[in-house]
Amino acid sequence: IGARGWWITKFSIESDPSLAFYTGYQNETGEGNRQKLAERFKRPTTWSDYCTVISATNCSIPNGIATRAPIKDRGEDGRYFVEGSYTGHFRATDENNCTKNENCTGFFMDFPCTWRSYFKQQAYHLRIALESNGNDASGGYAYKDMVDIWKAANATRSDLIGQWWATETTYVSLLGTDSELIKITLPVATESCIEARASYDRCDENATPSEEHGAKEGACGEKPIGLRNVVVGNLQTNIEQNKNLVAAMSPAYDFVNNFDLTELQIYQLLEGGQRRGIDSNKNIDFRHATCKWLADNWDFVARLVPQSHPRTFTEDPLLAAPITITALVISALALAVTSAAAFLISGVPRCQSISTRRLAFRKTAQIEFVRMLLLGQFFIPLGALLLACAPSEGR
């Protein structure tokens, strides 16, 4: 299950339990919660901005936030967190200043524009004063930047709220810590709400506010996405359109349809990859953890194999098939006719009366040539007869 939605750091909930529900964010009449959100949820700062705007020494002297200035050739300027070098920093900007800006907002970390997100529609119609300030057209952040910002919030114990999902490595790495991600309860998703979702190109810089905000009826939480159902549905469609016989089809559909990992099992897989931490390429760590998990839980995998597999071959008696019997009869009849014809022209004594009649074909054709034709005609039904018989076992 892909459980996407709004998530917040655990220590933020502990300091203000109202933040576990969307009602704790709503801006009611008057000042409402706008100022609370603007003061609590500050904007993340890139390493370069921290050194040039915040640090009095331009990071030439190490402190508790940055041990050095970012190295541009390594692409560190735009990083929000670098293990052991930059813990990250959250600061109040003009967007957070409710004295200067009556429409002040708290920070919200939204998905990049190429990903699906209904944050703007939800925040607008639920009257929640939060805003995402990323660099892409929708104000979202790239995935790698989002991971860095979560890590920075954990390192600095800064309140952070944003889009995320469960069964993901960052989520799993924070389990059991004060920065564990807690999903915020939004209005329940209904069919009418899903149908009223704003539908527009999030990467379109010319998208109007009315397009971004959509209808009020679409301001609800995300519905759970059954990832397994998507795969199984595609396989089922392929099978329904497949012209092969059922017995010749792959058991992939039945296997995937039976495959069902619980969230606890997924967490176990992700934790295994996190704990290994050997390869710089994390995909190898998770591949190793997956293979090890499959080896340790082979009974679980064995139960996924469809009951009709592995296939067992059963051979029907070849001679019992009507087409085989018909082929044998016709081949035998052709052999008999060919043998009789060869016998009649062979000059056997009892057939001398036929031979001495000087039949037309004896006068106009060479007998040797006729015998060659009959010999070839004899081998044709003989081959057909052997082909229709049951093959040997090669012994």
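These are my notebook entries on a predicted model.

**Entry 1: the largest pocket**

I started with open space. I looked up the largest pocket and found a volume of about 380 Å³. The lining has 16 residues, and I noted those closest to the pocket centre: Thr105, Ala123, Ile128, Leu130 and Glu131. Which elements give two or more residues to this lining? I found helix 4, residues 119-125, and strand 5, residues 130-131. Helix 4 gives the most, with four residues. I then sorted the lining by class. Six residues are nonpolar, six are polar and four are charged.

**Entry 2: the largest nonpolar core**

The largest nonpolar core has 44 residues. I wrote down the ones with the most contacts inside this core: Trp6, Tyr25, Phe41, Leu130, Ile161 and Trp164. Helix 5 supplies the largest share, six residues.

**Entry 3: Leu130**

Leu130 is among the residues closest to the centre of the largest pocket. Leu130 is also among the residues with the most contacts inside the largest nonpolar core. What does Leu130 touch, leaving out residues up to four places away in sequence? I found Trp6, Tyr25, Leu37, Phe41, Thr105, Gly106, Phe107, Phe108, Phe119, Ala123 and Ile161. Of these contacts, Thr105 and Ala123 are also on my list for the pocket centre. Trp6, Tyr25, Phe41 and Ile161 are on my list for the core.

**Entry 4: salt bridges**

I searched the whole structure for salt bridges and found twelve. I followed up some of them.

I took Lys36 and Asp16 to begin with. They form a salt bridge, and their closest N and O atoms are 3.3 Å apart. Why does this pair tie together separate parts of the chain? Lys36 lies in helix 2 (residues 34-40), while Asp16 lies in the loop between helix 1 (10-15) and helix 2, so the pair links parts 20 residues apart in sequence. Asp16 counts as buried because its relative accessibility is 14%, under the 20% cut-off. Lys36, at 25%, counts as partly exposed.

Then I turned to Glu76. Is Glu76 buried or exposed? I found a relative accessibility of 7%, so Glu76 counts as buried. Arg68 forms a salt bridge with Glu76, with the closest N and O atoms 3.0 Å apart. The side chain of Arg74 also meets that of Glu76 in a salt bridge, at 4.0 Å from N to O. Arg68 is partly exposed, at 24%. Arg74 is exposed, at 59%.

**Entry 5: Leu385**

I finished further along the chain. I located Leu385 in helix 17, residues 367-388. I looked up its distance to Ile330, which is 55 residues apart from Leu385 along the chain. Their C-alpha atoms are separated by 8.5 Å. Which residues does Leu385 touch, again not counting those up to four places away in sequence? I found Leu328, Ser331 and Leu335.

Terms used: Residues numbered from 1 in each chain as written. Predicted model: local features only at pLDDT ≥ 70, side-chain atom pairs only at ≥ 80, totals over all residues. Heavy atoms only, no water. 1 Å grid on protein atoms, 1.4 Å probe; cavity = no way out; pocket = protein on both sides within 12 Å on 5 of 7 lines; lining within 4 Å. Points joined across faces, edges and corners; volume = space filled by probe spheres on them. Nonpolar A, V, L, I, M, F, W, Y, C, P; charged D, E, K, R; others polar. Core = buried A, V, L, I, M, F, W, Y, C linked by side-chain atoms within 4.5 Å. Buried < 20%, exposed > 50% of the residue type's maximum accessible area, 1.4 Å probe, protein only. Contact = heavy atoms within 4.5 Å.
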